[in-house]
Amino acid sequence: MTTSLTRRRILQGAGILTLVAAGGAVWRAHDRGVFAEPSGAPYDPWEMWNEPEYAGTPIALVAAGILASNPHNTQPWIFRVSDTEIEVLADTSRHLGSFDPYLREMHIGLGCAVENMVLAAPANGFAVEVEAAPGALTAIARGGLVRAATLRLSRADTGTDPLYETIPLRHTNRYAYDRSRGFPEELLRGFAAMPAAENVVISLFTEGEEYEALGKAIIDATEEIVADHEMIEDSHAWFRDGPDEMARERSGLALDTAGLSPALLAAAKFLPALPAEQSHAAWAGQTRDSHVPTAALLGLISVRDRYDRPQALATGRLWQRLHLSASAAGIAMHPLNQPVETIDRERQLDKEAKSEARLAKIVKNPEWEPTFCFRGGYPTRDTPKSARRGVDAVTEET
Ligand SMILES: Cc1cc2nc3c(=O)[nH]c(=O)nc-3n(C[C@H](O)[C@H](O)[C@H](O)COP(=O)(O)O)c2cc1C
């Protein structure tokens, strides 16, 4: 009698503990959005980009600009808006440190925003002229706001570019692609013919020696980055640990967009965040085992001088157009810019320019300097939206 009573008590106690543990797990799963698609205010800008209250005003251009591709989702921008002009300012405080020591990627991202704004101009009754701030990236003072471009607006009734409608459909897709389907010929021709500034060119590889060499360069550069403690710490600073942090920051990288399988994503979201070494080692594994081998297309954008500010901006404008055209055709795209990030890093540390030599062998023309690498292909999964700071947070009206 006594024994069975004791046993019953123990079992009851264990049951309560299990319930408490399960309750805690459910609570944590809820708290960390384990089974939820990213949602809430940080994602609203994707619905609000063509709000009726913005229509026909320069703010509509900003609402399109903030949805652009940008490095590590740092959103390094402030828009100073009047009725006739928008100044696009680099917010140099939102930098990636040793991951982007010359703010080259920051300026490419600003170029992406400019392209979205240029596409949004006619839809809102504006003609637009873009003036890029001149000079070298290496001469930029750090810490504050630095003008990157001015958009001059005048009233005009011109046709809308079909890519305008694609602005909210473009997302970086970090899943495996279906390489067996190749890359659509028409889109490839469209990429090759894409209008760009005269000092910007694109190289596209779907197979062969250069394709293999570029794939290897991407994998090797990723491993070099993972071995560079400072680079991965600077990168890690922009990883967001769960929905609460994302709700506060509305920028940076979330696990949801990392290209993980549903089971791995749920586990990664549930568990405590990995330290920089482990999360970046996992990224190197994805690059080696998934990103590169499943790429139907590997591409490079090159310029005459990668540390020239207008050329960095022009690169971003071209990348944004490429990515939007791919999105319109249902094709996934993904920057894999590690081999240029290591070029910057070797230059910063005054090391032998091995990364430069690695890409020079692919471009085969010393007059062109690669500044942006990417992959494309048929998607195997849709990719979720990334967070954005809203228009109000990034606009100064004058
Ligand atoms: C200059 C530049 C470099 C980038 N490099 C990488 C990269 O190496 N790997 C990657 O996964 N995404 C890269 N991205 C994509 C950004 O992380 C992405 O645009 C950002 O997180 C916002 O997400 P979204 O493109 O889905 O809107 C890069 C974007 C830009 C503009």
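A crossing is left-handed if the near helix is turned anticlockwise from the far one by less than a right angle, and right-handed if clockwise. The model is predicted: local features need pLDDT of at least 70, side-chain atom pairs count only at pLDDT 80 or more, and totals for chains, interfaces and linings use all residues. Residues are numbered from 1 along each chain as its sequence is written, and side-chain values use heavy atoms, with hydrogens and water left out.

**View 1. Helix α3 crosses helix α4.** The crossing is right-handed. Helices (H or I, at least four residues) and strands (E, at least two) are DSSP runs, numbered from the N terminus. Helix α3 spans residues 58-65 and helix α4 residues 104-123. Their axes come within 8 Å and cross at roughly 135°. Axes are lines fitted to C-alpha atoms, for helices over the stretch in contact, and angles run from 0 to 180 degrees between N-to-C directions. Angles under 35 degrees count as roughly parallel, over 145 as roughly antiparallel, 65 to 115 as roughly perpendicular and the rest as oblique. The two helices, α3 and α4, are therefore oblique to each other.

**View 2. Residues of α3 meet residues of α4.** From α3 come A60, L61, V62, A64 and G65. From α4 come A113, N116, M117, A120 and A121. By class, this contact (heavy atoms within 4.5 Å) has eight nonpolar, two polar and no charged residues. Ala, Val, Leu, Ile, Met, Phe, Trp, Tyr, Cys and Pro count as nonpolar, Asp, Glu, Lys and Arg as charged, and the others, Gly among them, as polar.

**View 3. T172 sits in the loop between β4 (145-155) and α5 (185-192).** T172 is buried, at a relative accessible area of 16%. Buried means under 20% relative accessible area, exposed over 50%, partly exposed in between (1.4 Å probe, protein chains only). Neighbours within four places in sequence aside, T172 is in contact with H323, M333, H334, P335 and T383. H334 lies 162 residues away along the chain, yet the C-alpha atoms of T172 and H334 are separated by 5.3 Å.

**View 4. W49 and Y164 form an aromatic pair.** Rings of Phe, Tyr and Trp (its six-membered ring) pair if their centres lie within 6.5 Å; planes under 30 degrees apart count as stacked, over 60 as edge-to-face and the rest as tilted. This pair is tilted, 5.0 Å centre to centre with 55° between the planes. W49 lies in the loop between α2 (45-48) and α3, Y164 in the loop between β4 and α5, 115 residues apart. W49 is buried at 6% relative accessible area, and Y164 is buried at 9%.

**View 5. F183 pairs with F191.** Their rings are tilted, 5.8 Å centre to centre and 50° between the planes. Both residues are buried.
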